[in-house]
Amino acid sequence: LPTVMVMEELPAPRETHVLLRGTYNMPGEKVEPGVPEELLGASAGGRLYVFAGLAPGWKPQGMVYEYDPASNTWTKKKPMPLASHHLALTEYNGRIYLFGGFVLPSQPGWQPIDNAWEYDPATDKWGWLKARMPTPRDSGVAAAYNGKIYVLGGQEITAINNSVSRAVEAYDPAANEWTVLPNMQLARHGIGGGVIGNRLHIVGRSEEHTSELQSRETISYAV
């Protein structure tokens, strides 16, 4: 005889745990409700700082948390002055610098921004950099070297435009000014990178607005 399956909510939600790779019958750490996606991290002063986050509906949260590995504890910090996501960030001289990103506009699409921020973990204070990033974009990579912070790549997604950037721009914290440098050969977003020696190495790329990694190649940029 035909049967009908009826589904209903449980009296109480099941616990959710981190899945340990290769250990499927032993749940890992419990995941509490409200844990967001699309987080960014940077270390300073022996601690890890986590920024941004997206709530359901892809609404930027602007959260900031500090993790102390010595005590294995998390501390909530002052939120970002402007809730945004997919920023480029790096540590320089004990402070964390965040560049660009997206905010949620009133029209379809994302609104790329050119904002630049300085966060001081020691005082838990934010500073807005008057020198805005020359090219509004998100999903780029930032790295500090020899007194300057370099921001490479990224993308712009709006209701009428979807472009990936080849931009390379350097910020001088001492002078509070930007320098526009020669573009990368290939447009990239969703990339990682870091400085080794006197070269900034860029890993991976996506040349379109897609989550698929289109290349495993690594390029380097002289700084």
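**Notebook: strands and salt bridges**

I looked up β17 (residues 168-172) first: five bridges join this strand to β18, and the two run antiparallel. Strands here are DSSP runs of E, at least two residues long, numbered from the N terminus, and two strands pair if DSSP finds at least two bridges between them. In β18, Trp178 is the bridge partner of Tyr171.

I note that this is a predicted model, where local features need pLDDT of at least 70, side-chain atom pairs count only at pLDDT 80 or more, and totals for chains, interfaces and linings use all residues. Residues are numbered from 1 along each chain as its sequence is written, and side-chain values use heavy atoms, with hydrogens and water left out.

I then traced the sheet: it is open, with four strands in the order β13-β14-β17-β18 and antiparallel pairing. Its edge strands, β13 (141-145) and β18 (177-181), each pair on one side only.

Next I turned to salt bridges (a side-chain nitrogen of Lys or Arg within 4 Å of a carboxyl oxygen of Asp or Glu). The structure holds six.

Glu169 and Arg137 form one through their side chains, at 2.7 Å from N to O. Glu169 is in strand β17 and Arg137 in the loop between β12 (125-128) and β13, 32 residues apart. Is Glu169 buried or exposed? I found it buried, at 1% relative accessible area; buried means under 20%, exposed over 50%, partly exposed in between (1.4 Å probe, protein chains only). Arg137 is also buried, at 2%.

Glu66 and Arg47 form another salt bridge, at 3.0 Å from N to O. Glu66 is buried at 5%, whereas Arg47 is partly exposed at 32%.
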